[in-house]
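Hi everyone, thanks for coming.

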Amino acid sequence: VRKYQDSSMDSLLAPLEHFSGIPLDQLRLVACLLLLAPLCSAFYLLKRIASASTRETVQHAYSLVVGLYLGYYLVGTGIMHVVVSSLAVYLILLLAPTPVGYKLGAALSVAYVFFSHIYRTIVDPYGWHMDFTGFQMIATIRLFEFSFSYHDSTVNSTMLTARQRKYQVKELPGVFPFLSWFFFLPTLIAGPAIEYADYSRFIAQTCLPSPLIPALRKIAQALLFMAVVAVWGGSYGVDAIEEVIVQHASNHSLAFRYWVLLFSCLVARSRYYFAWLFSEGLADLSGIGYSGTDETGNQKWDAAQNVDWIAVEFGENVRGCLDGWNKGTNKWLRFYVYDRLQCAGFPRTVLTFGMSAIWHGVYPGYYLCFLMAPLPRFAAQLARQKLRPRIIASNNSVLKWLYDFSGTIITIMCVDYCCVTFMMLKASSGLTVWKNTYFGPFAVATAGILLMLPLSTPKKTA
């Protein structure tokens with residue numbers, strides 16, 4: 001864990017830490033995100049004021065120098081892990097034979113983050129202090145994707161998908177632009193891991209529409225979720241769950257235990273919503289969030305989208321809910337792990353699950369979540385296959401509304417119930433939470449599966 005020294009920014013944050021009860025390392029994160037708003041706007045302006053001969057160099061230098069400084073302020077010398085691991089993979093791709101270089105690079109990136117997680121559990125067991133592992137997780141996705149995208153340049157284009165052709169890296173860039181991509185300001189702290197091809201195209205662009213309105217819209221949403229954390233973060237969270245459900249469950253009603261569990265999970269998600277939405281706003285301010293226009297000519301600003309909080313909070317099924325969460329990581333798992341990795345004897349779903357587990361960390365609570373998550377997802381899949389067609393065929397609008405509404409409520413409860421062990425970290429605490437709430441959502445999902453399995457699947461009508 002980084003031992004911070006006093007700084008001028010810390011002296012400003014210390015009174016706020018005392019007033020709000022929010023740990024200083026989290027306040028540093030928020031302060032850096034807020035500081036990045038004008039810094040990313042300056043990035044956008046560099047495209048307009050820098051001369052054509054120096055424009056790209058100036059952008060690379062600005063991103064690398066400022067990004068390194070902010071990374072050092074947040075995690076100290078731990079930021080060097082990102083530099084060392086990225087340069088190690090770069091050297092592998094530069095020196096190793098092409099058929100094996102990309103595999104070694106991808107393997108090294110995953111091994112580095114895995115052992116980083118192990119190191120964290122040793123020096124800060126079951127702690128929530130900010131350290132370099134968050135940066136390293138984003139770096140892992142970048143390095144893994146880059147290794148495969150660089151390899152794609154050596155493959156016959158007819159063997160690549162349209163997406164693989166779009167993101168292939170045709171030649172190894174210089175070290176300077178390579179590192180500047182790693183420390184690109186808008187995605188430095190909370191991601192998503194922008195593909196190198198997108199970053200390279202963005203650096204070369206000179207004319208972009210004004211990002212102000214879409215950026216402010218996302219930043220405003222982010223600030224609303226920050227307000228949720230500021231108001232309720234001290235009352236609802238891991239400590240509240242530990243107090244009400246784990247240690248003194250008998251002193252509280254079952255309804256209150258569920259309330260604490262569900263609202264604590266909402267507050268925990270709000271921290272991520274704030275960071276991701278704010279980062280999306282920063283990406284828009286820099287210009288990289290622009291993704292062109294739709295078929296009607298309206299501008300699209302979703303190139304750096306990492307969360308769809310409406311889909312998460314109001315999804316009608318588990319899959320829709322999860323698809324809206326951490327979209328950058330989901331794309332990596334889908335297009336680079338599930339589609340690319342092959343190992344005799346291991347189904348691709350098992351490999352993808354294993355990669356996701358390694359990437360997240362080694363706390364036992366994570367694996368309890370991964371272990372139980374398929375249960376409600378299978379129940380939702382059966383409901384969509386066997387119940388939903390019958391509901392739609394009934395032409396009963398009230399029945400359909402009840403189905404959709406109940407699906408939304410059950411979905412978020414099941415997701416929260418699985419993910420509470422993610423928050424608790426300890427397997428013992430997670431299991432106690434489930435035991436003292438009588439495994440309610442799991443029981444509902446199991447009962448639903450047993451009831452739906454005997455049902456026939458309605459045939460699709462032409």
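**A quick tour**

Let's start in the loop between α19 (397-424) and α20, which is where you find L425. This is a predicted model, by the way, so keep that in mind throughout. For context, most residues other than glycine have a negative phi, and most peptide bonds are trans.

That brings me to the peptide bond between G191 and P192, which is cis, with omega about 0°. To find P192 on your screen, go to the loop between α8 (175-182) and α9 (196-204).

Okay, on to helix packing. Go back to α20, residues 427-436, and look at how helix α11, residues 238-247, packs with it: the angle is about 55° and the axes are 9 Å apart. That angle is why we call α11 oblique to α20. As for handedness, α11 passes α20 in a left-handed crossing. Which residues of α11 and α20 meet? On the α11 side we have I241, E242, I245 and V246, and on the α20 side S429, T432, V433 and N436. By class, that contact has 4 nonpolar residues, 3 polar and 1 charged.

Now a second pair, α6 and α15. Their axes are 11 Å apart, and the packing angle is about 30°. Angles under 35 degrees count as roughly parallel, so α6 and α15 are roughly parallel to each other. The crossing here is left-handed. From α6, the contact uses I141, F144, E145, F148 and S149, while α15 brings T329, W332, Y336 and V337. Sort the residues of this contact of α6 with α15 and you get 6 nonpolar, 2 polar and 1 charged.

Rolling a probe the size of a water molecule over the atoms shows where empty space is left.

Take the second largest pocket, which holds about 570 Å³ of space. Its lining is made of 27 residues, and K166, Y167, D198, A303 and A304 are the ones nearest its centre. Which elements give two or more residues to that lining? They are α6, α7 (162-167), α9 and α15 (327-338). Of these, α15 gives the most, with 4 residues.

Last stop, the cavities. How many cavities of 30 Å³ or more are there? The count comes to 1. About 50 Å³ of space lies in the largest cavity. Its lining is I79, V82, F135, I138, A139, R142, F182, F183 and L188. Helix α6, residues 133-152, gives the most to that lining, with 4 residues. And by class, the cavity lining has 8 nonpolar residues, no polar ones and 1 charged.

You'll see α6 packing with α15, giving residues to the lining of the second largest pocket, and giving the most to the lining of the largest cavity. That's it from me, happy to take questions.

Methods:
Residues numbered from 1 in each chain as written. Predicted model: local features only at pLDDT ≥ 70, side-chain atom pairs only at ≥ 80, totals over all residues. Heavy atoms only, no water. 1 Å grid on protein atoms, 1.4 Å probe; cavity = no way out; pocket = protein on both sides within 12 Å on 5 of 7 lines; lining within 4 Å. Points joined across faces, edges and corners; volume = space filled by probe spheres on them. Nonpolar A, V, L, I, M, F, W, Y, C, P; charged D, E, K, R; others polar. Axes fitted to C-alpha atoms, helices over the stretch in contact; angles between N-to-C directions. Parallel < 35°, antiparallel > 145°, perpendicular 65-115°, else oblique. Left-handed = near helix turned anticlockwise from the far one by under 90°. Contact = heavy atoms within 4.5 Å.
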